Amino acid sequence: MKKSLYIFIMLFVVGWVQAQQRVIYTINDGWKFTNGETVHIPHTWNDKDADDETSGFYRGPAWYRKQIFIDKSQEGRQAVIYFEGANQEVQCFLNGQFIGEHKGGYTRFCFDITSHLRYGQENLFAIYVNNVHNPNIPPLSADFTFFGGIYRDVYLQFMNPVHIATNDYASSGVYIRTPEVSQSAASVEITTLLTNNRDQAAEVTIENIICDGDGKEVKRIHTEVKLTSGETKANVSKKIKIDAPRLWDIDDPHRYMVYTRILDKRKGTLLDEVVNPLGLRWFEFNSEKGFFLNGKWRKLIGTARHQDYFQKGNALRDELHVQDVLLLKEMGGNFLRVSHYPQDPVIMEMCDKLGIVTSVEIPVVNAVTETEEFLLNSIEMAKEMVRQDFNRPSVMIWGYMNEVFLRRPYTEGKQLEDYYRFTEKVARALEATIREEDPSRYTMMAYHNAPQYYEDAHLTEIPMIQGWNLYQGWYEPDINEFQRLLDRAHKKYKGKVLIITEYGPGVDPRLHSYQPERFDFSQEYGLIYHKHYLNEMMKRPFIAGSSLWNLNDFYSESRIDAVPHVNNKGILGLDREVKDTYLFYKAALISRPMLTIGNREWKARGGVANTAQKECVQSIPVFSNAKEVELLVNNKSLGKKKVEDGYALFDVPFVGGENQLEALAVVGDQKLRDLLNVQFQLINSQLKDKTTPFTEMNVMLGSPRYFEDREANVAWIPEQEYKPGSWGFIGGTPYRRQTGFGTMLGSDIDIYGTDMNPIFQTQRVGIESFKADVPDGEYSISLYWAELDSNKKKEALIYNLGADSEQTLAGNRSFGISINGMTVLNDFNVARDYGYARAVIKKFLVTVKEGKGLSIDFHAKEGETILNAIRIYRNY
């Protein structure tokens, strides 16, 4: 009997102790959305908007509702609902009662729901979310889509009424400082916020246990604290000394773990516990020498990152966030600019784990609103940011403004002067707030290339680090102006640390060109651009680091370009397809042996035979950190080439059909090998040559680019001028748009009715004929058009920084078309019949006989003739 009673008492005590510990779980599944649909969090209501053809996206209110059963066993405990992120205004209701609200779409927040829960029964949670534009909540505008919804995890937390505080800006309630760190010793201070929600005072013991990465206890300290009823109190530990610490570093990101516990003083039972990472490191930014971590010079090279994914908007599960940081580390990056807003906690956890230095920023982007409410909301965001990621060893920079004068509401006079003064006020308030919150880290502001604006408002004086977003060779024509700007900034802003916070060209991985130029979105121009920028930054030790724009492509509703509604400056695609620019950085940055054939996803290639051996020679990069590489094509060696700037360029003779590429290299005693199979559609230069029978031809007019239609596995090739026996255009000129910096290839407008903009964004204007001396047979001839000139003025896109089209306003364009002498269209007017920027494809069945080949002739009636593309397919 006594033994049974003893067992019962022990089980009760164990169960009681376990019941006191914190319980946390997600409530992501099965929410009823506004439209009656059942959705799962993470969720955004704009995921379809991002990929449709309609400009704009829904910005307004929506509701999420869910019945949740709360077990009776949780009664008497403190309960909190915790949001990792919802954009951008949230009101929370429980069982019909208002619980709380939050403003701002990118930081975490929580509400105490204890007094409103019904235990042992269902509880109705109703969450109101609104992403409508609010002039008092940053960001006001930006080059990314403001997806609405509860797009990160939502949790319920149950705790003892005496617990580590959750009401301090949704932080962990524990703040770890490392005032002294060296190779020989480190000192640690731990501040714990304690809350007593009991009806009576509580006497507790605060216990901090520091364990190393293997879980071995390193230090343990205790402090006794008395809490009055309803009190939240800060407890600061005495300095904890750790001898011979293992440091957190880029190559060895060792993390200690700090277990902070509250114990009942009298009973010794555990009331609450939280765990935080501890990275022991010291760092310094020097305006002349750059960045030092643990006394060692390190060049920070990495990327910025947006939280978007193909067809998901910003509603990503944890695994996709994890994948991104792994891809950055795999590339050899050691720096992540978490931009333009704080991101999912798992991003920061991964940077801690992998040794990636980070900067985190709040989304004061493009402009400010001249109100105190805007200022206060910005300050609150800064506090949330700092307190929520305070213990992250990877975080070394706090940012708070990006290109804030890109959208100045005034251009001159007293209004502009007042705007500058208020913006300065916001900047100084944010700088002071962050330095007060965390004097151990650096502050940063990012500017666009209009330094006079920022100087006039004194913004270049305020932060500890100047970040510069520079796009010479993309938005501005002269790529060599980049290094001149670096040297000017270094000379002008003496004592200021410089980081290049953005740079990069748009790259559509479906596009290639052997005559690359800015704004052609080709993989080849992307390589030229990134090679130039990296080389110039590496030459200059005063450039502490850089974050290229961007790790991945991301949604930006206002953009058009080669892929509508997408900013494709990423070195990875929206679906994380690896572009050649990613491979370039990987070869340049990693130390482990690497060998990869470039153009990996361009597997459906095509071109015209340009050798006597019926081959088409095209260049392919091979990326490696070996000294030299060898490339074999169809078992025939093309010889060895020296690797320069991370790759060697080979002229590859492709034959029609399947081609196997094999790259070989040696690094030390390690032999490297990479394979790539490419399907090549070879077009004979003499179309009637029976050794390579003609099957089809797909040509983009007015363009030197190649385009891969991946859905249909079709290769589009550049135009050429007609020569007898072959094929090509007669007459006309390529369409080139006028911009503030000269002319650029094709148009930058969105073409409706297609997901293959590049085919329709170029054209030959004034074309007289397109001839193809094909053999006799029946053919399907598809002619492609889009009217690129409008009779309405379009609005310039501010993010193109002057590189927008100076739009040509179309007159009335009408022409006729005949094929082999037969009129097929007499009064063809694309704009009249289909409208501006609309994809039009007309297919004609044509019989070619008597060896006459194919001649498509254009007859101008009013205005100039045009043709964007042509597909010639032999039926039989």
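**Close-up views of a predicted model**

**View 1. Cys351, a buried cysteine.** Cys351 has 0% relative accessibility and is therefore classed as buried. The structure shown here and in the following views is a predicted model.

**View 2. Cys92 and the cysteine closest to its sulfur.** Cys92 is likewise buried, because its relative accessibility is 0%. The closest cysteine sulfur to that of Cys92 belongs to Cys110 and lies 11 Å away, which is too far for a bond. A disulfide is counted here when two cysteine sulfur atoms lie within 2.5 Å. By this rule, the model has zero disulfides.

View 3. Helix H9 spans residues 580–589; eight of its ten residues are buried, so the helix is largely enclosed by the rest of the structure. The buried residues are Asp580, Thr581, Tyr582, Leu583, Phe584, Tyr585, Lys586 and Ala587.

**View 4. An open sheet of five strands.** The strand order is S35-S41-S40-S37-S38, and the pairing is mixed. Strands S35 (604–608) and S38 (636–642) form the edges, each pairing on one side only. From one strand to the next, the twist averages 30 degrees.

**View 5. Pairing of strands S37 and S38.** Strand S37 (residues 628–633) runs antiparallel to S38, and five bridges join the two. Within this pair, Glu630 stands opposite Lys640 of S38. S38 is also one of the edge strands of the sheet.

Terms used. Residues are numbered from 1 along each chain as its sequence is written. This is a predicted model: local features need pLDDT of at least 70, side-chain atom pairs count only at pLDDT 80 or more; totals for chains, interfaces and linings use all residues. Side-chain values use heavy atoms; hydrogens and water are left out. Two strands pair if DSSP finds at least two bridges between them. Helices (H or I, at least four residues) and strands (E, at least two) are DSSP runs, numbered from the N terminus. Axes are lines fitted to C-alpha atoms, for helices over the stretch in contact, and angles run from 0 to 180 degrees between N-to-C directions. Buried means under 20% relative accessible area, exposed over 50%, partly exposed in between (1.4 Å probe, protein chains only).
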